[in-house]
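Please open the model in your viewer and keep the selection panel at hand. The tour below moves from one selection to the next and says what is there.

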Amino acid sequence: MSISPSSSAQAAREVVARRLRDLRKGAGLTVTELADSCGWHHAKTSRIENAHTAPSTKDIRAWAAACGAADQGDDLIAQSLHAESMYTEWRHQIRSGLKSLQDSAVRFFHETQLFRVYSSTLVPGLLQTEGYAAGVLGISAHFRELTIDDSAEAARARIDRSRVIHEPGHRFVLVAEEAALYCRIGDEDAMAAQLGYLLTAGALPQVSLGIIPSATRARTQWPRETFHVYDDKLVSVELVSAQVRITQPSEIGLYVKAFEQLRSMAVYGADARALILRAIEALP
């Protein structure tokens, strides 16, 4: 059974919780004694040790000091901050609007050399046209009940961000399930333009576009959640409730392994174009 990104983030929190619990036990303190020393209710100690509440920097320093392990405070703080950064709720990310969310990644995109993207449901964002992107972001804005729908501006920002695909020094390996070609976003003209653009963008020398046929029989991976691998430094996974950012090398390695297996099932070149043309012909 695979581990979901949200479980992975929770597991990182639990590692911190276990280290704090081990410190307390190693110091011979009860839950109540630790709480008294830190100046809070014993229930807070239990919530932290069970990974129900994330400890603050101040909490960790007090905890480590109470256990006679102040020298471990900085390491624990760094580990805790990493665990919390893995799981960023969408509602926090979009407080400044969807356009701001697109703009926030521009510099990172320019710094990334190798983009590996797998998408099971939609055309990868790097290859989206403005009309298609506006449809995707409009659905997101409606679902999240944003007070200000800036999806049109966000779509233009996404297209500007995607111009990195034409800059030297970058490579793009993009894999999508064939089903993504049939997920209707926007009207017929928007879908036709999007599918047509895939034919053009997929032919760029710096782009490898693979489509996994729906009829593939010998699957080594079932359709997974959409994820992006940036160099070998970061994996970003999109959930309904959150975006998970994974930086642990062992977990990045698992995603790279999954990506390579998914990539091996895809078709490329003329075969991929044939699947895209078939999707275009299927438009009403």
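What follows is a walk through a predicted model, with a pair of helices as one topic and the cavities as another.

Begin by selecting helix α2, residues 31-38, together with helix α4, residues 57-66, whose axes come within 9 Å and cross at roughly 115 degrees. Two packed helices are described by the angle between their axes and the distance between the axes. As you turn the view, note that α2 passes α4 in a right-handed crossing.

The largest cavity has a volume of about 80 Å³, and you can find its place by selecting lining residues, including Arg 13, Val 16, Leu 20, Ile 48, Pro 55, Ser 80 and Glu 84. Helices α1 (5-26) and α5 (73-85) each give two or more residues to this lining, and the largest share, 4 residues, comes from α1. The lining of the largest cavity has 8 nonpolar, 2 polar and 2 charged residues.

Finally, select Val 123, Pro 124, Ala 176, Ala 180, Leu 181, Leu 198, Leu 209 and Ile 211, which line the second largest cavity. That second largest cavity has a volume of about 40 Å³, and its lining has 8 nonpolar residues, with no polar and no charged ones.

Methods
Residues numbered from 1 in each chain as written. Predicted model: local features only at pLDDT ≥ 70, side-chain atom pairs only at ≥ 80, totals over all residues. Heavy atoms only, no water. Axes fitted to C-alpha atoms, helices over the stretch in contact; angles between N-to-C directions. Left-handed = near helix turned anticlockwise from the far one by under 90°. 1 Å grid on protein atoms, 1.4 Å probe; cavity = no way out; pocket = protein on both sides within 12 Å on 5 of 7 lines; lining within 4 Å. Points joined across faces, edges and corners; volume = space filled by probe spheres on them. Nonpolar A, V, L, I, M, F, W, Y, C, P; charged D, E, K, R; others polar.
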